Amino acid sequence: MKQLRNFFTSVISSILFIMISLLALSGCGAFSQSILSTSAMSEMSTSEALSSESVTVQTSSPKTVFPDRDLSGKTSSGYSSADIPAKAIGDLTYTGNLELSYAHQFSVDYYEDHYGNHYSLITIAGKDRFLIVPKDTPVPDTEFPVIHQPLSDVYLVATSAMCLFDALDGLETISLSGTKPENWTITSARQAMEAGDILYAGKYSEPDYELILSTDCQLSIQSTMIYHTPEVKEKLEELGIPVLVDYSSYESHPLGRTEWIKLYGVLLGKETQAEALFQEQTDKLNHIVSEQPTGKTVAFFYISSSGGYAVIRKSGDYVAKMIALAGGSYLFEDTGGSDNATATVNMTMEDFYATAKDADILIYNSTIDGQLDTLGDFLALNQLFGDFKAVQEHNVWRTGANLYQDMTQLGTVMEEMHRIFTGDAPAQMEFLYRLD
């Protein structure tokens, strides 16, 4: 049966290739390119996208990327999984959905049976659905994978989700990790692994199936990197383990990423706690955007290990948007959107010098190429940095190692950026530090 399926897959792929070629020859190049781009697109988690291969670009003169500081969180494609119609589930009655402010890559619909039992249907990226069934509640007739509550024995591979479990006091539900203890910046996660409460079960492409089965794993939470090894996802599902793929890194708005705490609140049965934590971050952003933009120009970057390039975030990336929402002006305009796998681009040092020499503020990304402790460490990267305005005015900052593993605090990150831009920041904060 598998050989027959592979034969038909090969035939269909050949037919599609011929159709695309004919479309290109007949002048429908844009349509055929769209098909090719869709089939070729690969996705990766936030932390792994940061270190992916980049391309070299030249930039234009600095301008504000987000002049209106839009809070809508609308993606460039306008897609929202909340727009997907509610699905019929057996005899269950649809009762409503989870209200979302910024997130577009998941939705939650609520249902009830004749006896008053409540169910939740999670939809991820408009395609994958999971039915959440509370304890001692009958499982309805459904085509969707079922996740039973209380949640337990989770194999967590998506690093971005660990902070959400931690914030919701849900680490005890995680038995296995796809990240080794020394690579966690989340203290409680590292300590749980060192104590043996969470075991390392291999990364996304090389899971330890024997260990996974021995723990009676109930759910695997993966990053979009799993789509690079579809056979692993298929194998886990064959073993009866639902695979939920976290798409938080594809949210266009910073707080869209933070809002994923509501999804994990549904999984853990802690929706009220999740809403309160999210509201805390929303309140911080609302306070910031109530003030006028500072107009301060900002460069966010790190220097490649070879020293030949400055690696910057794309202008459509969520980091650039955080800078704009915090009242700053991101220097590197027209360097690409956030809708593909690579979040960064390379600039030659000559182009970087020309663009960033007069920047008001430099923020060095220490999460990738090692932590800098002093301004001297920064100047040692390139002697030309001594000519930069921000260096001469002692306005050079670095990120902490915890920046990318703690998306529950992105409102706090923007608050710290705002304090830097307004000249009201202490030398050391939770996520950003001045280099003196």
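Guide: Gladly! Two strands count as paired if DSSP finds at least two bridges between them. Keep in mind that this is a predicted model.

Visitor: What makes Leu362 a partner of a residue in S16?

Guide: The bridge partner of Leu362 in S16 is Val396. Strand S15 (residues 361–364) and S16 share 3 bridges in the parallel sense. At least two bridges are needed, so S15 and S16 are called paired.

Visitor: Why is S16 also said to pair with strand S17 (residues 432–434)?

Guide: The same cut-off of at least two bridges applies. S16 and S17 have 3 bridges, in the antiparallel sense, so they pass. Arg398 stands opposite Tyr433 in S17.

Visitor: How do you know that both faces of strand S16 (residues 396–399) are covered?

Guide: Buried means under 20% relative accessible area. Val396 and Arg398 on one side are buried, and so are Trp397 and Thr399 on the other.

Visitor: Why are strand S1 (93–97) and strand S5 (146–148) called edge strands?

Guide: Five strands form an open, mixed sheet in the order S1-S2-S3-S4-S5. S1 and S5 each pair on one side only, and that makes them the edges. Neighbouring strands of this sheet are turned by 30° against each other on average, direction ignored.

Visitor: What makes strand S3 (residues 118–124) and strand S4 (residues 128–133) a pair?

Guide: They have 5 bridges in the antiparallel sense, and at least two are required, so they pair. Ile124 stands opposite Asp128 in S4. Helix H9 (residues 261–268) packs on this sheet, touching S2, S3, S4 and S5.

Definitions and conventions: Residues numbered from 1 in each chain as written. Predicted model: local features only at pLDDT ≥ 70, side-chain atom pairs only at ≥ 80, totals over all residues. Heavy atoms only, no water. Helix = DSSP H or I, 4+ residues; strand = E, 2+ residues; numbered from the N terminus. Axes fitted to C-alpha atoms, helices over the stretch in contact; angles between N-to-C directions. Contact = heavy atoms within 4.5 Å. Buried < 20%, exposed > 50% of the residue type's maximum accessible area, 1.4 Å probe, protein only.
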